[in-house]
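Please look through the sequence and the structure shown below before reading on. The report that follows takes up a few topics one after another.

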Amino acid sequence: GRGINGSVAVHQDVSGNAKERIEALGIAVGCGYLYETTFEKETYSDLVGERGVLMGMVQGAFKAQYDVLRAQGHSPSEAFNETCEEATQSLYPLIGANGMDWMYANCSTTAQRGALDWYPKFEKALKPVFQELYDEVKNGNECRRSIEINSKPDYKESLEKELDVLRESEMWRAGV
């Protein structure tokens, strides 16, 4: 399927068929991928994922690369294309459909060599950030911070201001 992914967790199985039933339910509602977990692990991985490679890290990486390209004299449209457009519109769908190994095997030799040489440096730079993030999720600080901020009476207005900064940034406006 192509639907949203679903996690499967069975804490107690009185009938002996709980896992089979929940997997059938996931398929019935159109889950694109089902994986087994626990409530606790799903909570941690979901929060880390949202803040990491699903959104937060992606925005941070896009912004860092875009800013470097702009500082080196590249136009907004070129910097946007090489940072956001190719990733989201061309490469990510291919990686999703075929896997990262396929991507490496089917790109130019300069892209292969560069990516293979640089990904360990990115991994080394990012791993401590992801460990800090996981620790903040596991010790409850991330949840407490989210609840505190999201509970403020002016949360929606504050959120809109933060989103306006993104929406009105040169990088995202270059892609409009």
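Thr83 is buried, with a relative accessible area of 5%, where buried means under 20% relative accessible area, exposed means over 50%, and partly exposed lies in between (1.4 Å probe, protein chains only). The model is a predicted one, in which local features need pLDDT of at least 70 and side-chain atom pairs count only at pLDDT 80 or more, while totals for chains, interfaces and linings use all residues. Residues are numbered from 1 along each chain as its sequence is written, and side-chain values use heavy atoms, with hydrogens and water left out.

Thr83 belongs to helix α4, helices being DSSP runs (H or I, at least four residues) numbered from the N terminus. A polar atom of the Thr83 side chain lies 2.7 Å from the backbone oxygen of Ala79. Apart from neighbours within four places in sequence, Thr83 is in contact with Phe62, Gln65, Tyr66 and Leu69, contact meaning heavy atoms within 4.5 Å.

## The nonpolar cores

The largest nonpolar core has nine residues, among them Phe62, Tyr66, Leu69, Ala79 and Met171; such a core is a set of buried Ala, Val, Leu, Ile, Met, Phe, Trp, Tyr and Cys residues joined through side-chain atoms within 4.5 Å. Helices α3 (56–71) and α4 (76–98) each supply at least two residues of this core. A second, separate core of five residues includes Tyr44, Val48, Leu133 and Val137.

Phe62, when residues up to four places away in sequence are not counted, touches several residues, including Thr83, Cys84, Tyr92 and Trp172. Of these, Tyr92 is also located in helix α4, but it is partly exposed, with a relative accessible area of 42%.

## Salt bridges

Side chains of opposite charge can pair when their charged atoms come close. In the whole structure, a search finds 10 salt bridges, each defined as a side-chain nitrogen of Lys or Arg within 4 Å of a carboxyl oxygen of Asp or Glu.

One of them joins Asp164 and Arg167, at 2.2 Å from N to O; because these two residues are three apart in helix α8 (residues 155–167), they are separated by about one helical turn. Asp164 is partly exposed, at 32% relative accessible area, and Arg167 is partly exposed too, at 40%. Another salt bridge links the side chains of Arg51 and Glu50 (3.3 Å, N to O), and a network of salt bridges connects Glu50, Arg51, Glu142 and Arg145.

How values were computed
A polar contact is a pair of N or O atoms within 3.5 Å; within protein, one must be able to donate a hydrogen and the other to accept it, and residues adjacent in sequence count only if both atoms are side-chain atoms.
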